[in-house]
Amino acid sequence: MERTVDVVVVGAGIAGLVAARDLVRNGAEVLVLEARDRVGGRLLNEELPGGAAIEVGGQWVGPGQDRILDLIDELGLKTFPTYDEGRHIAEIGGGRSEYVGRIPKLNPLALADIAQLQWRLDRLARQVPVDAPWQAARATEWDSQTVATWLQRAGRTTGGRGFLRVITEAVFSAEPEDLSLLWAAFYINAAGGIDALINTTGGAQQDRIAGGSQTIALRLAEDLGDRVVPNAPVTEIDWDPAGVRVTAGSTTVRARRAVIAVPPPLAARIHYTPGLPGDRDQLVQRMPMGRVIKFNVVYDEPFWRRTGFSGQANSDKRALGTVFDNTLPDHSPGVLVGFFEGRHADLGARLSSADRRAQVIEDLTGYFGPQARNPVAFIERDWAEEEYSRGCYGAFTAPGTLTRFGPALRAPIGPLHWAGTETATRWAGYMDGAAESGHRVAREIAVNLHFQ
Ligand SMILES: Cc1cc2nc3c(=O)[nH]c(=O)nc-3n(C[C@H](O)[C@H](O)[C@H](O)COP(=O)(O)OP(=O)(O)OC[C@H]3O[C@@H](n4cnc5c(N)ncnc54)[C@H](O)[C@@H]3O)c2cc1C
């Protein structure tokens with residue numbers, strides 16, 4: 001197939017679909033090429049026993065995520081609150097605390113340390129401009145260290161350091177040793193602070209989407225109709241100032257502009273002719289994806305609620321470091337969702353599926369008691385094994401990347417425009433950031449091609 005359109009979009013995740021929708025609304029002729037046989041990218045619904053949808057990819061939305069909340073509203077979808085009642089569990093710094101509210105009952109020294117670490121990191125983050133982190137007054141200093149380097153100096157107790165490690169893994173699905181401190185600070189500021197990132201009620205885990213989050217992408221794709229082409233992995237982009245020729249198997253598309261709405265490491269796997277400028281290529285060479293395996297473990301009923309547990313648990317000693325109650329509002333069946341993140345995903349991926357399952361059940365039993373031993377279903381997804389994601393939740397930058405190559409993250413190159421949640425200035429890494437990037441890139445092109 002050979003087609004000529006105004007704009008070709010590579011990738012039918014939220015970012016690509018939002019960009020396509022905005023461009024179509026502006027009168028452009030658009031084609032979206034999607035590598036997988038489905039839309040949604042890092043959003044994917046599977047079925048619980050009984051048929052209800054459950055997410056194996058991204059799922060939560062929260063206050064301040066206005067772009068995705070507006071989109072949910074526009075598409076006629078509904079949200080419902082994450083179950084957030086009862087006692088949470090925190091196993092940090094060697095102890096176990098069962099607590100209600102936001103603050104675990106840890107020893108006072110650890111608690112004071114956590115408070116000072118969070119205060120200092122939030123203050124540091126507020127000094128990082130979300131649209132140009134490399135322009136922070138202390139950008140070079142913060143970009144020449146990892147979160148771990150900072151934590152070694154700033155942390156005073158095992159509990160404080162353990163807590164920061166758990167939240168780094170939970171938020172970035174990477175280790176403190178992996179991340180540039182400047183990237184972490186940018187990401188925190190882009191979300192409005194650490195509490196916004198880690199809280200359930202009032203934070204990023206507050207609400208879920210009825211019917212599962214992939215419905216957002218499915219609805220957007222439905223509206224775009226045959227403008228979305230599945231099973232079309234883009235391998236080649238030939239470009240010059242006038243336009244592009246994009247190749248996906250037997251499909252060739254010529255267009256005046258291309259939106260590349262795939263995660264940075266995957267954008268690097270496409271072959272460009274002529275090759276991209278060094279700054280852009282050096283940037284994407286230094287942006288790996290985080291690593292996560294997500295588990296939905298299904299029980300006859302949410303048994304933990306009967307003993308007063310919320311289903312929320314965190315641990316700096318278990319592989320399943322983060323757990324939430326993922327039961328749907330009708331209460332049946334009960335679902336616990338948990339994650340192997342960062343180094344735990346490395347180790348978990350090397351286990352046989354039976355051993356991995358045994359590890360998950362052992363950790364859930366450790367948190368919630370022997371009833372966790374008997375799930376009725378076990379749904380897992382290892383995102384590093386996905387050819388067109390190669391990790392999750394998102395990409396991050398290694399030290400020395402943002403300050404040297406940061407401006408190449410969003411700057412168009414000739415007819416090539418970059419979208420995807422990693423290019424966002426608010427809630428980068430989240431569905432909201434993906435939607436922001438789609439709107440931004442559509443505006444960029446509309447202005448450029450005088451569609452508006
Ligand atoms: C386990 C997990 C949990 C998460 N939890 C949350 C959460 O609770 N809340 C939240 O907001 N976010 C969460 N996220 C992150 C969220 O899912 C992403 O930020 C968002 O979906 C990214 O959208 P995107 O459009 O930028 O990228 P993607 O969804 O990655 O879309 C990119 C698309 O491009 C396609 N593609 C790749 N290469 C090519 C190619 N060469 N040719 C053609 N197509 C290609 C891919 O198949 C994909 O469809 C989570 C992610 C995961 C995996």
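Biologist: How do the residues lining the largest cavity divide by class?
Modeller: This is a predicted model, where local features need pLDDT of at least 70, side-chain atom pairs count only at pLDDT 80 or more, and totals for chains, interfaces and linings use all residues. Residues are numbered from 1 along each chain as its sequence is written, and side-chain values use heavy atoms, without hydrogens and water. A cavity is a set of points on a 1 Å grid over the protein atoms alone where a 1.4 Å probe fits but cannot get out, and lining residues have an atom within 4 Å of a point. With Ala, Val, Leu, Ile, Met, Phe, Trp, Tyr, Cys and Pro as nonpolar, Asp, Glu, Lys and Arg as charged and the others as polar, the lining has 12 nonpolar, one polar and no charged.

Biologist: Which helix gives the most to that lining?
Modeller: Helices are DSSP runs (H or I, at least four residues), numbered from the N terminus. α6 (158–172), α7 (181–191) and α8 (194–198) each supply at least two lining residues. The most, five residues, come from α6.

Biologist: How many charged residues line the second largest cavity?
Modeller: The second largest cavity holds about 70 Å³ of space. Its lining includes Arg280, Glu422 and Trp418. By class, that lining has eight nonpolar and two polar residues, and its charged residues number two.

How values were computed
1 Å grid on protein atoms, 1.4 Å probe; cavity = no way out; pocket = protein on both sides within 12 Å on 5 of 7 lines; lining within 4 Å. Points joined across faces, edges and corners; volume = space filled by probe spheres on them.
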